[in-house]
Amino acid sequence: MSTDDSHRGRAETLRAAIAGHTGITEAALRTAVAARAAGGPPVAEPYDELARRIGEASYRVTDAEVDAVRQVTGSDKAAFEVVMSACVGAGLARWDAAARAIAEATDAPA
């Protein structure tokens with residue numbers, strides 16, 4: 001397996017983990033939050049604002065946004081899953097963009 005294939009495989013493993021059925025929260029919520037953080041369609045509040053902010057500028061996430069998710073999910077672990085899903089979604093969106101840019105640059109004539 002080449003390094004490029006290995007990286008793609010790891011990205012796919014992350015995508016599968018978000019969509020998996022072993023979490024506390026529903027897989028549909030985790031995948032929707034991940035998609036929202038990647039610039040996808042809005043999701044229900046309080047998840048939407050948190051996911052959007054994580055995707056755009058995670059350093060601007062507020063305690064109140066996290067607390068709102070904690071209140072709705074009912075636990076720190078469930079809130080962590082939502083936050084982590086948004087982080088993975090945002091990171092994978094950047095990974096996908098970088099992989100496309102590299103592929104385009106590689107295909108460019110010298």
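## Burial of Ala 79

A residue is called buried when its relative accessible area is under 20%. In this predicted model, Ala 79 has a relative accessible area of 4% and is therefore buried. Ala 79 belongs to helix α5, which spans residues 76-107.

Beyond the residues up to four places away in sequence, Ala 79 touches Val 69, Arg 70 and Thr 73. Ile 24 lies 55 residues from Ala 79 along the chain, and the C-alpha atoms of these two residues are 9.4 Å apart.

## Overall architecture

The protein chain contains five helices and zero strands, giving the pattern α-α-α-α-α along the sequence. Along the principal axes, its C-alpha atoms fill a box of roughly 55 × 30 × 20 Å. Of the contacts in the chain with a separation of 6 or more, 51% are accounted for by residues 24 or more positions apart.

The chain has 110 residues, and 32% of them are buried. Its accessible surface comes to about 6,900 Å², with 58% belonging to carbon and sulfur atoms. The side chains include 12 positive and 16 negative ones, and the centres of the two sets lie 2 Å apart.

## Nonpolar cores

The largest nonpolar core has 13 residues, among which Val 33, Tyr 47, Val 69, Val 82 and Ala 86 touch the most other members. Two or more residues of this core come from each of the elements α2 (27-37), α3 (47-57) and α5. A second, separate core consists of five residues, including Ala 11, Ile 18, Val 88 and Leu 92.

The contacts of Val 82 connect several of the residues named above. Apart from neighbours within four places in sequence, Val 82 is in contact with Val 33, Tyr 47 and Val 69, and also with Thr 25, Leu 29, Leu 50 and Thr 73. Val 69 and Thr 73 are also among the residues that Ala 79 touches.

Side chains of opposite charge can pair when their charged atoms come close. The structure holds ten salt bridges. One of them joins the side chains of Glu 81 and Arg 30, with an N to O distance of 3.8 Å. This pair links distant parts of the chain, with Glu 81 in helix α5 and Arg 30 in helix α2, 51 residues apart.

Both Glu 81 and Arg 30 are buried. For Glu 81 the relative accessibility is 17%, so this residue counts as buried. Leaving aside neighbours within four places in sequence, the contacts of Glu 81 are Gly 23, Ile 24, Thr 25 and Arg 30.

Glu 49 forms salt bridges with two arginine side chains: with Arg 52 at 2.6 Å, N to O, and with Arg 53 at 2.8 Å, N to O. Glu 49 and Arg 52 are separated by about one helical turn because they are three residues apart in helix α3. Glu 49 and Arg 53, four residues apart in helix α3, are likewise separated by about one helical turn.

Glu 49 has a relative accessible area of 23% and is therefore partly exposed. Arg 52, at 24% relative accessibility, also counts as partly exposed, whereas Arg 53, at 18%, counts as buried. Glu 49, Arg 52 and Arg 53 are linked with Glu 56 and Glu 65 in a network of salt bridges.

Conventions:
Residues are numbered from 1 along each chain as its sequence is written. This is a predicted model: local features need pLDDT of at least 70, side-chain atom pairs count only at pLDDT 80 or more; totals for chains, interfaces and linings use all residues. Side-chain values use heavy atoms; hydrogens and water are left out. Buried means under 20% relative accessible area, exposed over 50%, partly exposed in between (1.4 Å probe, protein chains only). Contact means heavy atoms within 4.5 Å. Accessible areas come from the Shrake-Rupley method with a 1.4 Å probe; for residues, only the protein chains shown count as cover. Lys and Arg count as positive and Asp and Glu as negative; His and the chain ends are not counted. The place of a charge is taken as NZ of Lys, CZ of Arg, CG of Asp or CD of Glu. A nonpolar core is a set of buried Ala, Val, Leu, Ile, Met, Phe, Trp, Tyr and Cys residues joined through side-chain atoms within 4.5 Å. A salt bridge is a side-chain nitrogen of Lys or Arg within 4 Å of a carboxyl oxygen of Asp or Glu.
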